[in-house]
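Please study the structure before reading each solution.

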Amino acid sequence: MNLFTKDATYYANLIKQDKVTSVELVKRALANIEALNPMLNAVTHVQKEYALKRAQVLDENKDKLHTLPPFYGVPTLLKDVGQQQAGFPATSGSQLLHQNIAETTDYFVERVIEAGFIIVGRSNVPEFAFKGISDSTYTGHVRTPFDLTRNAGGSSGGAAAALKAGIVPIAMASDGGGSIRLPASFSGLIGLKPSRGRIIVGPSGYRRGHGNAVDFALTRSVRDTWTLLKTLEADQVEAPFNLPLLSEDRLQPIDQPLKIAFSYTSPIGATVSKTSKDNITKAVRLLEALGHELIEVAPNTDDEKLLRTYYKVTSIGAAEMFHKIEDSLGRRLTMQDMEPMTWVMYKAGEKIPAYELSSILNFWDQYTVQREKFMANYDLALTPITDGPAPKHEQFGYSTYEQEMEQAEHLSEQAIEELIMRIYKKGHDYMGYAFSQNIAGQPAISLPLFMTSDGYPIGTHFWAGKGKEYRLLQLAQQLEEAGHLQTDIERLDKPAENHN
């Protein structure tokens, strides 16, 4: 087995230096999937014929191109939710869509291909990406490569497991409430959620989750993260949200101390574990040693109300999606068509009146204003991202609520809202640190600075004002160069010929 132990930029450079071919790298990725996927369950679809043909084309045309794109010939995975490629499966981790083939290619995927990547398959996700753990009834649990009894998180769990194991050197992902940052925390990877409006969207949808969801990737180096950000960003005037392009010179070494707010508290009032508090304390001491100014303060915002509205909007989106599926199938869907939790979200969405959605979006706008005013006083903010390491499988199970879930369509709007909050409580108490950045549209990143006392990865969470990804990556670069990022990646400064 020949795992990918360095970042994607490294392998792209090998191709450009004629030290390896695209076909060889694709064959390596395919062999890794075959060897490791039976254990990890990280990949749900392999497109071997496409990948090998694409690699051959790139190899044959490499010398004909004046400039090669940054990730020329590097194999990667798409996430099996919201990253459609025409002619290939798009199942969203569900039995209901197990035969669904994408009819269009998303602009994000087009950009991924234009960047030089070769797509070798699809990564595993929870059903319709509705959870922070990857445990789809149809596609199965995703296991961390360092402990098969633990879940890689979600919804980009398959991407995290595949990257951590070295199946591919980079994996595409998306984040609608922590779905990049949570698996990054659980797997010891770099997980950046870009600002709303930063990354290209469309044509199948332009405001997923009303702007909460953004596509990007899980990475193992800051240079991969920055290069990909510059490659996939778009000042997209036709999109409902857009930002001006980042300046090429933004990723410069930090030339003055940063002013960083930090907090030990849960934004939704949950009890914070000693593990998470210790993680913040270590981060504060490390950052102070690097010369930064740390101030203990948190935004004065109503995140508990925010969480309720987040689930309501997710439910509304579920109802819209399932009504479209019903129209395409020519029949009504039943609880047998989906997981119980998905059914509850669907039925909840049907009960929420239109005026309530309008009220929620107005609340979100005011919340965003408050968050931006808070960040006007600080360069970055530091908070926990998870309350511990990767959870055990079934740690957040909801079997005790199954009888109530079966009655979901007969419950009132308020009763089903309370049911959802009770079902998700264990999960959002453990992982409820990430969703607010999605609603505010602000960039955030999970960095692998520390391990728990028993040797498992746990991320450290930073966020910034809207459009200021460069600040997050400046700090990440400083920490990486000082040797503090624990991504398990081999040192990038060793001779290429020794590590290809």
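**Exercise 1.** Determine which strands helix 11 lies across, and at what angle it runs to strand 15.

*Solution.* Helix 11 (residues 354–375) lies across strand 11 (259–262), strand 13 (380–383) and strand 15 (457–463). Its direction makes about 90° with strand 15. Angles here run from 0 to 180 degrees between N-to-C directions, with axes fitted to C-alpha atoms, for helices over the stretch in contact. Helices (H or I, at least four residues) and strands (E, at least two) are DSSP runs, numbered from the N terminus.

The model is predicted: local features need pLDDT of at least 70, side-chain atom pairs count only at pLDDT 80 or more, and totals for chains, interfaces and linings use all residues. Residues are numbered from 1 along each chain as its sequence is written, and side-chain values use heavy atoms, without hydrogens and water.

**Exercise 2.** State the strand order of the open sheet and identify its edges.

*Solution.* First, the eight strands follow the order 8-10-9-14-15-13-11-12, with mixed pairing; two strands pair if DSSP finds at least two bridges between them. Next, strand 8 (171–175) and strand 12 (293–296) each have a single partner strand, so one side of each lacks a neighbour in the sheet. Finally, the twist from one strand to the next averages 30°.

**Exercise 3.** Describe how helix 2 packs against helix 3.

*Solution.* Helix 2 (residues 22–40) and helix 3 (residues 48–61) pack at about 160°, with axes 8 Å apart. Helix 2 is therefore roughly antiparallel to helix 3 (an angle over 145 degrees).

How values were computed. Parallel < 35°, antiparallel > 145°, perpendicular 65-115°, else oblique. Contact = heavy atoms within 4.5 Å.
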